[in-house]
Amino acid sequence: MTTQRLSTPPTFSRHRLRFRERRRPDLPPLLAVWALSRAAMLWLLAHDTLGIGDVGKEVHVLYRHWYERIASGALPADEATWQYPPGAALVLLAPGTVPGLTYFQGFVALALLADATVLLALARAGGDGAWYWTGGLPLLLHTPLARYDLPVTALAVAALLAVRAGRARLGGALAGLGALAKGWPLLVLTGTTPGPATGRAWRSALATALGGAAVLAAVFPHTLDFLRHQGGRGVQVESAGGTLLSLARLAGWQGRVVYRYGAFEFAGPYVGAVAVVSLLCTGAALLWLVVWRVRSLHWSDATPLDAALAAVLLVTVTSRVISPQYLVWLLGLAAVCLTSRNTTQRPVALLLLPAAALTAFAYPLLYGEVLAVTPLGCLLMLVRNGLLVAAALLSCRLLWGESAPDVLRVPWSTARAVRTP
């Protein structure tokens, strides 16, 4: 006769989310390092002597052009490069309202303001997140200052910290605003604590996003046309699928690199199949997140933070596009995780640092090698994307092991009973 041995009965601790005492960083040295590193980033942006020299061109030319169209009362929905939710219009309009500055100067000033906001929010939360953010972002060189991902990341970081502090409605509203501008911040609500807080956060997020979209639809026509351009995108050179196609080209595949939809993509046989597989992998990743959420038994103050990083990592590595600025999102979410001593994601945060440094080599330093699909360019993308995939898998493994360690060792009926308060 055999008996089932349960070493530790499963517990569901959503009613005991007590923060451990958090050590706040000393502000003077933190601000000094932040100021010096950002000054270096500004110098690089002003001189733009690295790589192909067009890091700031996106703001000078494309964003400025979009700003002029939006300011005249119409979204650039007829342009294939416009692939953003309608809230992006507000982010692109903001630099033109800064008095005394050109559009480019206003854009960079607002990016630095968002960067500083993230820093102060992380410093107030305590832990190592502020130092991680201060040292991690410059690994991308000056690219973050010339993309609108810093303001969006600031909203996502603020949303997570609000959720962690028990302000579910505020966190949901901030996540909804971020989703209105770029979509992905909605994923930061993946790990909200089960119970009324989750309902409040998601209702607030959806009300903010849908309400904002309705207002913008009343102001601008064709607000949903960006979906049509997203659907037509192929496989970007810098994506994980693009790395496989790059290796295939070195082996003799007859594909080529073309400029479409505002990015360099592969064209040729089997590209469509790789794009479909990428979409299927994204669907599988989202399904895994649902399964994790349904079967998890344990929540700590770090679980919402860890789940947010895992969710965005999964969507990033399975995407048909991995632009350099995507690392801004990941560094921001990893920094939030490091504000909690209970986080499981420290090894993941460490993996993201070399991935960010290699991203700077991929763009702008050696972008020509990447586009020409040389052995050096392929090796660079293989290592960078390998690190991101490893980080995503490790993040999921650590998240599952921390929040659902007993699920596979007890009957499912028992687990369901434990979840019921």
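Author: Gladly, bearing in mind that the model is a predicted one.

Reader: Why is proline 194 called buried?

Author: The relative accessible area of proline 194 is 11%, and since buried means under 20%, the label applies. Proline 194 is found in the loop between helix 7 (168-182) and helix 8 (196-219), and its C-alpha atom is separated by 8.6 Å from that of tryptophan 299, 105 residues apart along the chain.

Reader: How do you know that the span of helix 6 agrees with its number of residues?

Author: At 1.5 Å a residue, the 16 residues of helix 6 (residues 149-164) should span 22 Å, and because the end C-alpha atoms are 22 Å apart, the two values agree. Helix 6 is also mostly covered, with 13 of its 16 residues buried, and just after helix 6 glycine 166 takes a positive phi of about 90 degrees.

Reader: What makes helix 5 and helix 13 roughly antiparallel?

Author: The axes of helix 5 (residues 129-136) and helix 13 (residues 326-337) come within 8 Å and cross at roughly 160 degrees; angles over 145 count as roughly antiparallel, and the pair is therefore given that label. The crossing of these two helices is right-handed.

Reader: Which residues meet where helix 5 and helix 13 are in contact?

Author: From helix 5, Gly129, Tyr132, Trp133 and Gly136 meet Val328, Leu331, Gly332, Ala334 and Ala335 of helix 13. By class, this contact has six nonpolar, three polar and no charged residues, with Gly counted as polar.

Note on methods
Residues are numbered from 1 along each chain as its sequence is written. This is a predicted model: local features need pLDDT of at least 70, side-chain atom pairs count only at pLDDT 80 or more; totals for chains, interfaces and linings use all residues. Side-chain values use heavy atoms; hydrogens and water are left out. Helices (H or I, at least four residues) and strands (E, at least two) are DSSP runs, numbered from the N terminus. The expected span of a helix is 1.5 Å times one less than its number of residues. Buried means under 20% relative accessible area, exposed over 50%, partly exposed in between (1.4 Å probe, protein chains only). Axes are lines fitted to C-alpha atoms, for helices over the stretch in contact, and angles run from 0 to 180 degrees between N-to-C directions. Angles under 35 degrees count as roughly parallel, over 145 as roughly antiparallel, 65 to 115 as roughly perpendicular and the rest as oblique. A crossing is left-handed if the near helix is turned anticlockwise from the far one by less than a right angle, and right-handed if clockwise. Contact means heavy atoms within 4.5 Å.
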